[in-house]
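Reader: Could you walk me through this one with me? I'd like to go topic by topic.

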Amino acid sequence: MPAFRRRHLRSVAAALALTATVPATAAAADSTAALREVMFVGNNWDGTADVIKSTGDLARIGRVDVIPDKDERMAEINADPIKWIYFMAIRNSVGEGHDQFVDDMYSTPDGTSVVVSRPSFADVVSIDLASGRINWRFPVSGYRSDHMAVSPDGTKVAVSASTANTVHVLDIVTGKQLGSFATGDKPHENIFSKDGKYIWNMAIGDVNTQTDAPWLDWTKGDRRITVVDATTFKQVKVIDMRERLDAIGLKDYSDAVRPAVFSPDESKLYFQVSFFNGFFEYDLATDKITRTKTLPKNPSTSDDRTTFVNDSRHHGLSMSPDGSKLCVAGTMDDYATVVDRGTLQQGPLVTAAKPYWATVSGDGKSCVVSESGADQVTAIDFATGEKTVSVPVGDHPQRVRLGHVTANWTSPSAS
């Protein structure tokens, strides 16, 4: 081949490579720029997820139907006596007479889909936000799915299979199981460490029994924190809070760890337990509970433990990004409050109807709680402890999660 011909071909190849590379890079940048930060609010009894602004007035921008396959799922359940028994048991126990259609949800990194755990259907699904159709479905072990967590890079989602004492870890895009690990009884909350290397799971035991007196606490099952390697899914350590509570003279307190949050440097873990109106501070280095915060009781709330929803007097805990404030959902006491982390002094008790979760707004300025008893979400200013806004959502909101949608997204069908 003549030299000029070879040079010409090399020039054409280089030009084609450059042409192929530049639009791809630009497209990636455009894709990132085209995402809009939002909050997903899971309306458990509705089977919907409201999409609201992540800051400011929290106005609703859309709604997603998370059970578009309800008829198909119900046909499967009705055809299987064991599945039907569990479905009805969920409705009449933890569901408070209602089906649990959405517990937790996270958007995919590209903002095109939302991944949802559906307790009554014992599965996790990915729903395309443009069409409303299901991308993939993963049936969990056993008969009920529960809380989830997403890895810091957004690629993995961990989901508790509460009746199988198992956590599944899935590829968030494909739904393929990457691994799983065993837990204590009734795995609940999951948390990835900030570096993504570890997964912490909190097993809460049997919360739907009536054996709620302190002397019957042993009947609630094996409640413990299980920490695993997020790559190999091998157990790293187990933490039983029973021993730590006993060591500070709190033998009558439950060791069922509920919502929990790490300090920014991950040196401290703050957590709630069943039946308790308050929270604890646990120091990871010394392996000890270092502080206890007891919050006020609502005089209108009965102290009869059997009246607490799923054993949770308080259920919902978040922390301001700078680590200076904690926000607590006082579920059965019908309030939420911001607590100074340094002094543990609580701020105003903001009236809220059965607040079930607490998270942080997109700008980090507010705590956002779900009021499951009033079908709304409420923002509380971290700086003042005062309520700033409430917005209506669907029936029985529980989990609230930050996520993303595409900038021009609109609801495909649900209103």
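Author: We can take a sheet, the salt bridges, the aromatic pairs and a surface patch in turn. This is a predicted model, in which local features need pLDDT of at least 70, side-chain atom pairs count only at pLDDT 80 or more, and totals for chains, interfaces and linings use all residues. Residues are numbered from 1 along each chain as its sequence is written, and side-chain values use heavy atoms, with hydrogens and water left out.

Reader: Sheet first, then: what is the strand order in the open sheet of 4 strands?

Author: The order is β12-β13-β14-β15, and the pairing is antiparallel. Strands here are DSSP runs of E with at least two residues, helices are runs of H or I with at least four, and both are numbered from the N terminus; two strands pair if DSSP finds at least two bridges between them.

Reader: And which strands stand at the edges?

Author: Those are β12 (187-192) and β15 (235-239), and because each has a single partner strand, one side of each is left without a neighbour in the sheet. Neighbouring strands of this sheet are turned by 20° against each other on average, direction ignored, with axes taken as lines fitted to C-alpha atoms (for helices over the stretch in contact) and angles running from 0 to 180 degrees between N-to-C directions.

Reader: How many bridges join β12 and β13?

Author: β12 pairs with β13 (residues 198-203) over 4 bridges in the antiparallel sense, and Pro187 stands opposite Ala203 in β13.

Reader: Switching topic, how many salt bridges are there in the whole structure?

Author: The search finds 29, where a salt bridge is a side-chain nitrogen of Lys or Arg within 4 Å of a carboxyl oxygen of Asp or Glu. One of them joins Arg291 and Glu281, at 2.9 Å from N to O. That pair links distant parts of the chain, with Arg291 in strand β19 (residues 288-294) and Glu281 in strand β18 (residues 278-283), 10 residues apart.

Reader: Is Glu281 buried or exposed?

Author: Glu281 is buried, at a relative accessible area of 6%, whereas Arg291 is partly exposed at 25%. Buried means under 20% relative accessible area, exposed over 50%, and partly exposed in between (1.4 Å probe, protein chains only).

Reader: What about Glu72 and Arg73?

Author: Their side chains meet in a salt bridge at 3.3 Å, N to O; Glu72 is partly exposed, with a relative accessible area of 48%, and Arg73 is buried, with 6%. Both belong to a network of salt bridges that also links Asp69, Glu76, Arg118, Asp123 and Arg137.

Reader: Now the rings: how many aromatic pairs?

Author: The count comes to 9, with rings of Phe, Tyr and Trp (its six-membered ring) pairing if their centres lie within 6.5 Å, and planes under 30 degrees apart counted as stacked, over 60 as edge-to-face and the rest as tilted. Phe275 and Phe308 have ring centres 6.4 Å apart and planes at 40°, so the pair is tilted. Phe275 is buried, with a relative accessible area of 8%, and Phe308 is buried as well, with 5%.

Reader: Which residues do ring pairs link into a cluster?

Author: Tyr253, Phe271, Phe276 and Phe280.
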